[in-house]
Amino acid sequence: MDKHIVINIGRQLGSGGREIGKIIAEKLNIAFYDKNLIDLASQESGLSKSCFEKADEKASGGVLGSFFAMHYPYSGYAGTNNVMSNDSLFKIQSDVIKELANKQSCIFVGRCADYVLRNNPDATSIFISCPKEERLKRISKRHNISIEEAEDMSVKTDKGRAQFYNYYSYKTWGAARTYDLCINSALFGIDGTAEFIISYLKKKFDI
């Protein structure tokens, strides 16, 4: 695609946000980033992948970590795997997100990417939700667990995502005013939601 666009997707667990993002990426022939950002951040920084996995979409309460995250680039942290705060790891991953967004059209799922790219004129933010029953059925099927276990996973995961997002962005995860577009994936299904978002992108970016 000739037009340079960046799509940031926030999502409730079980809403199909990741699947929808992948469909959009395939149809628009652009890059897709989700957990593979962990690999890229690890490669760029020289830090252990496990550091980023443990801190993935988790907020830090450390004041010292926040200070270092704001004032030092990731290149100076190589070899300090055991003392990195979540804030510093967030800074590293944010730098990777900015670098990728500057050089190519792409989709980011989670990782507070919409806040990281808030000053990027080519970026748009989308939040995908879904009624509880639909989400729990999808989670239960995907992980082969009971509905009760799925609900526990849903509550814990989305609570963690909200804390992470609210902590780093100073905005409210899932609130309509936070995003350019919010959509309930149950209205059109996974494929239909992807098509709806593509229509929105074509109109917004004049593709």
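Strand S4 (residues 123–129) and strand S5 pair in the parallel sense over four bridges; helices (H or I, at least four residues) and strands (E, at least two) are DSSP runs numbered from the N terminus, and two strands pair if DSSP finds at least two bridges between them. The bridge partner of Phe127 in S5 is Cys182. The model is predicted, so local features need pLDDT of at least 70 and side-chain atom pairs count only at pLDDT 80 or more, while totals for chains, interfaces and linings use all residues. Residues are numbered from 1 along each chain as its sequence is written, and side-chain values use heavy atoms, with hydrogens and water left out.

In a regular strand the side chains alternate between the two faces of the sheet. In S5, Leu181 and Ile183 make up the covered face, and Cys182 and Asn184 the uncovered one.

Phe188 is found in the loop between S5 (181–184) and helix H9 (189–205). With a relative accessible area of 47%, Phe188 is partly exposed (buried means under 20%, exposed over 50%, partly exposed in between; 1.4 Å probe, protein chains only).

Ser169 lies in helix H8 (residues 147–169) and is buried, with a relative accessible area of 4%. The Ser169 side chain reaches the backbone oxygen of Tyr165 at 2.6 Å and the backbone nitrogen of Lys171 at 3.0 Å. Leaving aside neighbours within four places in sequence, Ser169 is in contact (heavy atoms within 4.5 Å) with Cys112 and Tyr115.

Conventions. Polar contact = N/O pair within 3.5 Å; in protein donor to acceptor, adjacent residues only side chain to side chain.
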